[in-house]
Amino acid sequence: MIDNKQVQDYLFSDTRPVVGHIPIEEFELHPATALLDYTLVVKDAIEKCKKSFSKKANNHLTVESQVAIQNLINSALASIMGYFEMYEKYLFAAMFEKSLYLNTFNENNFYKNTLGKTQNKVEIPFTQLTSYRNSNITTGLIIANSLGSWHDPEKVNTYFQSFGFKVTAFSNDDIRDLKVLWQLRHSIVHNGATITKADAQKVDELKNFGNRKIILSNKFIYDLSKSMHSMVFNVNSRLKHAFLMNMLATVTQDERDQVEKIFEVTSRNSFWLR
């Protein structure tokens, strides 16, 4: 209990849409756009705080303001990476649903490349299945939620290649950046925003940061949002091209249009999409 209230009593029970919150339906329709919308919401919030917090005579943030903004930036990074995982899962799930239009899709290869097995069955905990009761969840999302390693961009590349594509979704530069971002997220969530010596050895770019607190530039979230626009735009472009080039000749124009919508990427900061 907290101040004589149950924790759940602090949750708002209103089911109406909340401004600034990206509904799950947006990820079902346009995973990339939903992710980018959220990064802009967070970016705008951080920028507003930077303008509003107390400053010194030289217009630099006071020590108290700097401490506050750092805590917000760390929390924002952890949250954005959670949304990034949703983007990966929902894009994968949507592609699976449309994989019946592919001439490259092979069930055995798909199973082997996602679960690393050759047996023709998927083991899903019963409690996980029962949690889907009375919902519109797709088969693709059930599979996505059964997979691990969404924080490993190289493994995620193999998930997308399991549809029979030779394309690499995340580039080498993407992989390098994502490994650092996922490790920072891990350290924030599990180690009090400290990069332990053990964790620092897992990522080459962080080897000199062992036993150090995570202090990020005040411009970090702004630049991260901008960078993710470019990354996601190019990931979706590569996957869209591979998918469209491997569709069955019998696919109708309407079905093709439905597939293209999966990979749609829009943003109110459209000039970052390149």
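Tyr-222 has a relative accessibility of 30%, so Tyr-222 counts as partly exposed. Its partner in an aromatic pair is Trp-272. The model is a predicted one. Trp-272, with a relative accessible area of 6%, is buried; the cut-off for that class is under 20%.

| Residue | Relative accessible area | Class |
|---|---|---|
| Tyr-222 | 30% | partly exposed |
| Trp-272 | 6% | buried |

The geometry of the pair Tyr-222 and Trp-272 is edge-to-face, with 5.4 Å centre to centre and 80° between the planes. Tyr-222 belongs to helix H10, while Trp-272 sits in the segment after H11, so the pair links parts 50 residues apart in sequence. In total the model has 22 aromatic pairs.

Helices H10 and H11 also pack against each other. Two packed helices are described by the angle between their axes and the distance between the axes. Helix H10 spans residues 220–245 and helix H11 residues 253–262; their axes come within 10 Å and cross at roughly 160°. H10 is therefore roughly antiparallel to H11, since angles over 145 degrees fall in that class. The crossing is right-handed.

On the H10 side the contact involves Asn-236, Lys-240, Phe-243 and Leu-244, and on the H11 side Arg-256, Val-259, Glu-260 and Ile-262. By type, the residues of this contact are 4 nonpolar, 1 polar and 3 charged.

Phe-243, one of the H10 residues in that contact, is also part of an aromatic cluster. Other members of the cluster include Phe-92, Phe-96, Phe-105, Trp-150, Tyr-159 and Phe-263.

Key:
Residues are numbered from 1 along each chain as its sequence is written. This is a predicted model: local features need pLDDT of at least 70, side-chain atom pairs count only at pLDDT 80 or more; totals for chains, interfaces and linings use all residues. Side-chain values use heavy atoms; hydrogens and water are left out. Axes are lines fitted to C-alpha atoms, for helices over the stretch in contact, and angles run from 0 to 180 degrees between N-to-C directions. Helices (H or I, at least four residues) and strands (E, at least two) are DSSP runs, numbered from the N terminus. Angles under 35 degrees count as roughly parallel, over 145 as roughly antiparallel, 65 to 115 as roughly perpendicular and the rest as oblique. A crossing is left-handed if the near helix is turned anticlockwise from the far one by less than a right angle, and right-handed if clockwise. Contact means heavy atoms within 4.5 Å. Ala, Val, Leu, Ile, Met, Phe, Trp, Tyr, Cys and Pro count as nonpolar, Asp, Glu, Lys and Arg as charged, and the others, Gly among them, as polar. Rings of Phe, Tyr and Trp (its six-membered ring) pair if their centres lie within 6.5 Å; planes under 30 degrees apart count as stacked, over 60 as edge-to-face and the rest as tilted. Buried means under 20% relative accessible area, exposed over 50%, partly exposed in between (1.4 Å probe, protein chains only).
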